[in-house]
Amino acid sequence: MFEERMQISVIGASEPSEEAYRLAEEIGLELGKRGVITVTGGLGGVMEAACKGAKRAGGTTIGILPGSDPSDANPYVDFTICTGIGYARNVMVVKSGMAAIAVAGAFGTLSEIAHALGDGIPVIGISTWSIFRDGNHIQPIVYADNAADAVEKAIDAASTRHGIYSFDTRRSFE
């Protein structure tokens with residue numbers, strides 16, 4: 001029998017600070033502990049750190065690559081999806097998650113945030129972009145204080161968005 005499992009995308013800097021890398025690894029660890037599948041862009045930086053953390057907790061990871069070579073994936077990716085479509089794959093990364101967690105990031109992350117929000121996918125942010133419209137700060141991103149807070153907010157947002165599903169995300173694999 002098929003068991004539905006929650007998937008959450010982790011997006012962020014390909015060249016993060018040490019702090020952003022640590023945060024992403026902790027986010028991956030928290031997702032993995034809860035049995036949530038971690039979806040990333042499959043390369044280095046925040047993507048690698050989130051996958052590394054998820055694997056430390058026995059979690060499952062998916063890497064959606066911009067290119068066509070599966071060997072480009074970071075070593076912590078379980079399932080590699082080669083797209084060959086470059087940055088257009090950012091849409092696939094966020095659409096594959098029931099929520100997205102943004103950690104730091106540059107313009108690629110900003111595009112992922114915009115695609116997620118435009119499609120009604122909740123975005124949880126930690127040390128990432130702020131959104132302004134007509135000079136006024138608007139808050140479509142839910143900000144988190146730390147990795148555990150980000151994961152809890154993402155799970156809650158994803159569960160609310162997908163209320164028809166019953167996910168067991170509170171189990172621990174430790």
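The model is predicted: local features need pLDDT of at least 70, side-chain atom pairs count only at pLDDT 80 or more, and totals for chains, interfaces and linings use all residues. Residues are numbered from 1 along each chain as its sequence is written, and side-chain values use heavy atoms, with hydrogens and water left out.

I took helices (H or I, at least four residues) and strands (E, at least two) as DSSP runs, numbered from the N terminus.

I checked the span of H1. Its 16 residues reach 23 Å from first C-alpha to last, close to the 22 Å expected at 1.5 Å a residue; the expected span is 1.5 Å times one less than the number of residues.

I turned to H2 (46-56). Its buried residues include Val-46, Met-47 and Cys-51. Just after H2, Gly-58 takes a positive phi of about 80°.

I ended at Thr-60, in the loop between H2 and strand E3 (61-65). Thr-60 is buried, at a relative accessible area of 17%. Leaving aside neighbours within four places in sequence, I found Thr-60 in contact (heavy atoms within 4.5 Å) with Arg-5, Val-36, Ile-37, Thr-38, Asp-78 and Phe-79.

Note on methods: Buried < 20%, exposed > 50% of the residue type's maximum accessible area, 1.4 Å probe, protein only.
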